[in-house]
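Subject: Structure handover

Dear colleague,

Please find the structure below, with the sequence.

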Amino acid sequence: MPEFDWFYDEVRQVGTDFTDYDQVMQYDSNMGDRSAEIQKLIHIMKLDNTQTVLEIGTGTGSIAVGVAPSCKQVYAIDVSKPMLDYAAKKARDHKVDNIIFHQAGFLSYRHLGYPVTRIFSHYALHHLPDFWKSIALLKMYDQLEAGGMLYIQDVVFSFPVRNYKASIDFWIENLRAGSTFDEAELCTHIRDEYSTFGWILEGMLRDVGFHIVKAEYSGYMYATYLCEKEG
Ligand SMILES: C[S@@+](CC[C@H](N)C(=O)[O-])C[C@H]1O[C@@H](n2cnc3c(N)ncnc32)[C@H](O)[C@@H]1O
């Protein structure tokens, strides 16, 4: 239920429709082996059995299930019920029992109890338009304990704007040729979803109060941000 009449409806699907179970299965297979991302996360976020972790936009749960054995408790949320059902089954199949799955999003989730010590999100923030990304980051900041860490990984642009056509065509062509993502899906991402420039995201992160420990850009189309809420 939105907070106000003008509040963004984050349950309304934009771009790829993750309410469709076949798309969920296809997405999981397209993403392949995530073990490198899981190991990186455990290392850079210093995950151990004292950490309570919130993952936003868990999708098929690969990252949550991968990091959970290195955490005390994981809260994994997503707006898509089919995604959550798929992720919960993955957790059961891997005998992982310290993940609480919950249907909510960046804007609607309310963490009850102590603030979490870590928040991370992969390839989900681009589902929100820029203004709402800022509100989402503000909510993450408020739900994180002082000294806690945030990690965001997403499709984020770092090409010079004048090169936008060649950069995006190159990305679509490379990804189409080297994976099972189809061209229509990649076009949908650019046309209907809300990936933005790195300098905009960095400004938003700082504006809500985060200290950016490390911003990494690759291939002009991807970025990761490791941030701290200073204590
Ligand atoms: C591209 S998938 C990424 C899933 C997963 N994080 C991964 O890396 O495989 C994007 C996910 O974000 C979810 N999503 C879309 N809008 C959201 C929102 N406002 N809040 C939380 N999750 C959202 C979608 O349902 C989908 O599961």
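Two strands are taken to pair if DSSP finds at least two bridges between them. Helices (H or I, at least four residues) and strands (E, at least two) are DSSP runs, numbered from the N terminus. The model is a predicted one: local features need pLDDT of at least 70 and side-chain atom pairs count only at pLDDT 80 or more, while totals for chains, interfaces and linings use all residues. Residue numbers start from 1 along each chain as its sequence is written.

Strands

E6 (residues 211-218) runs antiparallel to E7, and seven bridges join the two. One of the facing pairs is Ile212 with Cys227 in E7. The two strands make a hairpin with three residues between them, and Gly219 in the turn has a positive phi of about 60°. Tyr220 also sits in the loop between E6 and E7. Its phi is near 65°, a positive value in a residue other than glycine. Most residues other than glycine have a negative phi.

E7 (residues 222-228) also pairs with E5, in the antiparallel sense and over seven bridges. Here the bridge partner of Cys227 is Leu150. How much of E7 is buried? Five of its seven residues are, so E7 is largely enclosed by the rest of the structure. Buried means that 20 or more other C-beta atoms lie within 10 Å of the residue's own; exposed means 12 or fewer, and partly exposed is in between, with C-beta atoms placed from the backbone. Tyr220 counts as partly exposed because it has 19 C-beta neighbours inside 10 Å.

On to the parallel pairs. E4 (residues 116-122) and E5 (residues 144-155) pair over six bridges, with Arg118 opposite Met149 in E5. Together with helix H5 (residues 130-143), E4 and E5 make a right-handed β-α-β unit. Right-handed means that, with the strands pointing away from the viewer, the path from the first strand over the helix to the second runs clockwise.

E2 (residues 73-78) and E3 (residues 99-103) are likewise parallel, over five bridges, and Tyr75 stands opposite Ile100 in E3. The chain gets from E2 to E3 through helix H4 (residues 81-93), and this β-α-β crossover is right-handed.

Core

The largest nonpolar core has 52 residues. Such a core is a set of buried Ala, Val, Leu, Ile, Met, Phe, Trp, Tyr and Cys residues joined through C-beta atoms within 7 Å. Those with the most contacts inside it are Ala64, Val67, Val74, Ile119, Leu150 and Tyr151. Leu150 touches Ile119, Met140, Leu144, Phe210 and Cys227, leaving out residues up to four places away in sequence. Contact is counted when the C-beta atoms of two residues, placed from the backbone, lie within 7 Å. In soluble globular proteins, nonpolar side chains tend to be buried together.

Tyr194 is in the loop between helix H7 (183-192) and helix H8 (198-208). Beyond its neighbours within four places in sequence, Tyr194 is in contact with His126, His127, Leu128, Pro129 and Asp130. Tyr194 is partly exposed, with 16 other C-beta atoms within 10 Å.

Ser80, in the loop between E2 and H4, is buried, with 23 other C-beta atoms within 10 Å. Ser80 touches Phe18 and Thr19, not counting residues up to four places away in sequence. Ser80 and Gln103 are 23 residues apart along the chain, and their C-alpha atoms are separated by 6.9 Å.

Lys95 lies in the loop between H4 and E3 and has a positive phi of about 55°, although it is not a glycine. Lys95 is exposed, with 8 other C-beta atoms within 10 Å.

Regards
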